[in-house]
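Here are some notes for a colleague who is opening this entry for the first time. They are meant to be read beside the sequence and the model.

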Amino acid sequence: MKKKMTTVNFNGTQEQEAMLAQVIDEYKNVKGALMPVLQKAQRIYGYLPIEVQKMIADGMDVSLEEIYGVVTFYSQFILNPKGEVAIAVCMGTACYVKGSGDILNKISANIGVKSGETSSDGKYSLEATRCIGACGLAPVMTINDDVYGRIKLEEVDEILARYKK
């Protein structure tokens with residue numbers, strides 16, 4: 001599944017930009033250093049918006065297309081900030097067989113955000129994740145630090161209502 005970039009206002013700070021510049025300087029002449037630079041940039045910003053990708057491209061003398069190709073290929077990279085209410089639905093085999101696909105669709109319809117996206121106001125983000133290791137509780141979803149297991153489709157709206165305050 002190809003990651004999508006949505007329009008979310010970028011709010012990077014000068015301090016973050018200085019930290020990224022230091023990382024780039026450290027790796028600028030190191031062959032094959034793009035992955036560690038991207039990983040460190042994600043630690044600095046929490047995700048890799050296009051603005052950060054451009055800074056890395058300029059600083060590392062690598063094309064933006066190459067950077068975008070790397071960050072959309074590897075699942076470890078996040079293109080959108082997590083929302084204030086970060087929702088993740090497990091799509092591992094056990095969860096999927098027990099209806100997590102339908103749960104994901106219902107959540108998407110309820111909050112108006114597609115999987116892999118963050119709402120423009122930063123309130124909600126929705127991710128379809130790989131197995132989270134709670135197969136005995138399938139289907140499972142997490143909302144921030146809360147884990148919900150054995151979810152029934154008819155419970156989704158009630159669960160989400162707790163986070164709409």
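The numbered points below go through domains, cores, sheet, salt bridges and aromatic pairs in turn.

1. Please keep in mind throughout that this is a predicted model. The domain assignment of the protein gives domain 1 as residues 14-73 and domain 2 as residues 85-161, and the centres of domain 1 and domain 2, taken over C-alpha atoms, are separated by 30 Å.

2. The largest nonpolar core has 22 residues, and the members that touch the most others are Leu20, Leu38, Ile56, Met60 and Ile67. Two or more residues of this core come from each of helix 1 (14-27), helix 2 (34-45), helix 3 (50-60) and helix 4 (64-73), with helix 2 giving the largest share, six residues.

3. When its neighbours within four places in sequence are left aside, Leu38 is in contact with Leu48, Ile56, Ile67, Val70, Val71 and Phe77.

4. Strand 1 shows both kinds of pairing. Strand 1 (residues 85-90) runs parallel to strand 3 (residues 124-129), to which it is joined by six bridges, whereas strand 4 (residues 141-143) runs antiparallel to strand 1 and is joined to it by three bridges. On the strand 3 side, Ala86 stands opposite Ser125 and Ile87 stands opposite Leu126, while in strand 4 the bridge partner of Ala88 is Thr142.

5. How many of the six residues of strand 1 are buried? Six of the six are, so strand 1 is largely enclosed by the rest of the structure. Val85, Ile87 and Val89 point one way from the strand, Ala86, Ala88 and Cys90 point the other way, and all of these residues are buried.

6. The structure holds three salt bridges. In one of them Lys123 pairs with Glu84, and the closest N and O atoms are 3.6 Å apart. Lys123 lies in the loop between strand 2 and strand 3 and Glu84 in the loop between helix 4 and strand 1, so this pair ties together parts that are 39 residues apart in sequence. Lys123 counts as buried because its relative accessibility, 16%, is under the 20% limit, whereas Glu84, at 56% relative accessibility, counts as exposed.

7. Another salt bridge joins Asp157 to Lys106, with the closest N and O atoms 3.8 Å apart. This pair also links distant parts of the chain, since Asp157 belongs to helix 7 (residues 156-161) and Lys106 to helix 6 (residues 100-111), 51 residues apart. Asp157 is partly exposed at 37% relative accessibility, and Lys106 is partly exposed with a relative accessible area of 27%.

8. A further salt bridge is formed by Glu158 and Arg162, whose closest N and O atoms are 3.7 Å apart. Here Glu158 is exposed, with a relative accessible area of 52%, while Arg162, with 43%, is partly exposed.

9. A search of the whole structure finds two aromatic pairs.

10. Phe73 counts as exposed at 63% relative accessibility, and Tyr74 counts as partly exposed at 36%.

Technical notes: Residues numbered from 1 in each chain as written. Predicted model: local features only at pLDDT ≥ 70, side-chain atom pairs only at ≥ 80, totals over all residues. Heavy atoms only, no water. Core = buried A, V, L, I, M, F, W, Y, C linked by side-chain atoms within 4.5 Å. Buried < 20%, exposed > 50% of the residue type's maximum accessible area, 1.4 Å probe, protein only. Helix = DSSP H or I, 4+ residues; strand = E, 2+ residues; numbered from the N terminus. Contact = heavy atoms within 4.5 Å. Pairing = 2+ DSSP bridges. Salt bridge = Lys/Arg side-chain N within 4 Å of Asp/Glu carboxyl O. Phe/Tyr/Trp six-rings, centres within 6.5 Å; stacked < 30°, edge-to-face > 60°. Domains from an automatic or database assignment.
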